[in-house]
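This report describes selected elements of one structure. The sequence and the model are shown first, and the description follows.

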Number of protein chains: 2
Amino acid sequence: MRRITESTPAADGFRMPGEFEPHRGCIMIFPERADSWQYGGYAARKAFVQVAEAIARSEKVTVCASDAQYDNARAMLPPWIRVVEMSSNDAWARDYAPTFVKNEEGEVRGVDWGFNAWGGLQDGLYFPWDKDNRMARKLCDLLDVDVYDKRDFILEGGSIHVDGEGTCMVTEACLLSEGRNPELTREQIEAVLCAYLNVSKILWLPCGIYQDETNEHVDNICAFVKPGEVVLAWTEDRDDVQYEMSKACLSYLEKAVDAKGRRIKVHKLPLPKPVTVTAEECAGLDACWDAPTRTPGERLAASYVNFYISNENIVMPGFGDPADEQAKEILQALFPEREVVQIYARDILIGGGNIHCITQQVI
Amino acid sequence: MRRITESTPAADGFRMPGEFEPHRGCIMIFPERADSWQYGGYAARKAFVQVAEAIARSEKVTVCASDAQYDNARAMLPPWIRVVEMSSNDAWARDYAPTFVKNEEGEVRGVDWGFNAWGGLQDGLYFPWDKDNRMARKLCDLLDVDVYDKRDFILEGGSIHVDGEGTCMVTEACLLSEGRNPELTREQIEAVLCAYLNVSKILWLPCGIYQDETNEHVDNICAFVKPGEVVLAWTEDRDDVQYEMSKACLSYLEKAVDAKGRRIKVHKLPLPKPVTVTAEECAGLDACWDAPTRTPGERLAASYVNFYISNENIVMPGFGDPADEQAKEILQALFPEREVVQIYARDILIGGGNIHCITQQVI
């Protein structure tokens, strides 16, 4: 693995493809952290395994597990899923696995962004985050691809979505947050994204999902289904604080054009009714930073937008909500060539994210 | 990775090739253990890196490093050598990486033998050995090959040599030791070797190198250079206790025939003068099991036979001994199509083995 510091993907002719473009595989991490995953993570493990199995229907899945969890992961996962030892602080492959880029000849490289647990000492979610921050280069080494070292720029994979044709979508709430790159202006942040993703247009949604503790990652509120078309998490309940947030995103998108000059077609994807954490769930979570991780009644950032696009499937969350079926039908109509697999994901959601957050495609 | 328990390599048509047959690559482990590698392993690391670089001239080298050592390993090794995180108790890839076998179609599988630190609670060299013992299946998982689970049989890779044509060579001192498989007869041990290496003839050298704390692994005293031909560690000094040991092996080999009915051609490879550990070296070694690891003046099991055959090189140890050059010339004559690379290996030897011990070929 060569570490590249003197050049950028754009300068070298590498771009990040859209998630709907073909994958070689997918990276996940086996959940273990007792202040993220209630009651020792036994329920979360099962959900992670279901997600891995669904993705493995059409692409090679590699699950990273700590040395302590390797045997458990190996025993729970089918033989066609690869388990490799790799240390991490938690299990959010989307946010600390590399962003993969490729050139016209099909050569693949990784981008190793800096990671500081979604806000570092400002408003990060745990400490330390050193093992997470070392995963991207370790994964590039494992996959034997060269890596662009951009650790001086804090970015999580879940805070960007690209269409593969020059457009990147982010939220202001996240990318302009105080805990990430406060020394950089919006224009400087745009320049980094353009250079490292090889895009020419940044769409800045104002915000994400209410109470999303990632500072409102884009991947929980809006996702490309193809170039020029997105799904947007939506509620018709005007009393819900999310209404104005989704509305603000819709207003932005209605006026936006992408890198190709196209207007963005927006498909509304309903949100489930607010999901709140129970006292019983909270009792199963270890403390973090001398404080409870969650408090009973706390609203979780549940959204159907947090799905993964595999080669032949859409792997999406369900919450036991009446909207589960409707959301599934909408995605099925938008991805007619892929079969939608819906996985009950409350046990992932309690950790603070969902299916897109725990996966990273390898191209 | 499928775990195979109901069949054997021989039954499935898989055999272990000779080390001189083509490799896909080589596995090594970054040294770290402070009771094996003097003064924190800094000198050993340099020697390991030289070995890795020499092997990487003609095959892909993967170095396993603990999470704690990953950055050090990555910084010391060139970019064309892959570093992967993998926990171990020490750095002897030969002894706990899988034995690879392949079939006529070229499919590769691994054999996962049991490992108990060269003798378990009887006369093992450290405790615990759990991480070492889990490496073989982890490496098969990493390489995405199925694995024969033979963990109920204790065997180290350094205790066997095969010619790839039906013959396996071992030492009685090691394979019949009390600390390995004392419940099995010699015939039962032969049966396991025949089934898992797909051989039909076991050559039982009586012993190995004096003071070899592996219970005298074959790979330190005798190695195939091609089917029907071996090099044997040799001394002309009749006052050296090693003389009778090497003589006993020679006498055995002179009467032996291999699986093909061939007599064995023996090339004597001189030993260096006895190498003893210094007080200064001992002072740099942490204690192990409440006792000093080595004592000043202790003789080490130095031998030129402990070389690695890569696709295009012979990577052999040197000890700063007058015999270094002679041994190199002998091996160069025996391997005319490979260039011999000699690496000063005292810092590996102090750990208790040599270049063959710290490498395992991937076929």
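## A hairpin in chain B

Strand 5 (residues 99-102) and strand 6 (residues 108-114) of chain B run antiparallel and are joined by 4 bridges. Helices (H or I, at least four residues) and strands (E, at least two) are DSSP runs, numbered from the N terminus; two strands pair if DSSP finds at least two bridges between them. The two strands form a hairpin with 5 residues between them, and B:Gly106 in the turn has a positive phi of about 90°. Across the pair, B:Thr99 stands opposite B:Val111 of strand 6 of chain B.

From strand 5 of chain B, B:Thr99 and B:Val101 point one way, B:Phe100 and B:Lys102 point the other way, and all are buried. A residue is buried if 20 or more other C-beta atoms lie within 10 Å of its own, with C-beta atoms placed from the backbone.

## Basis of the model

The model is predicted: local features need pLDDT of at least 70, side-chain atom pairs count only at pLDDT 80 or more, and totals for chains, interfaces and linings use all residues. Residues are numbered from 1 along each chain as its sequence is written, while chains are lettered from A and ligands numbered from 1 in the order in which they are written.

## An open sheet

In chain B, 3 strands form an open sheet in the order 8-9-10, with mixed pairing. Strand 8 (161-162) and strand 10 (201-205) of chain B are the edge strands, each pairing on one side only. Strand 8 of chain B runs antiparallel to strand 9 (residues 167-171) of chain B, and 2 bridges join them. B:Val162 stands opposite B:Cys168 in strand 9 of chain B.

## Helix 2

Among the buried residues of helix 2 of chain B are B:Ala44, B:Phe48, B:Val51 and B:Ile55.

Key. Buried ≥ 20, exposed ≤ 12 C-beta atoms within 10 Å, placed from the backbone.
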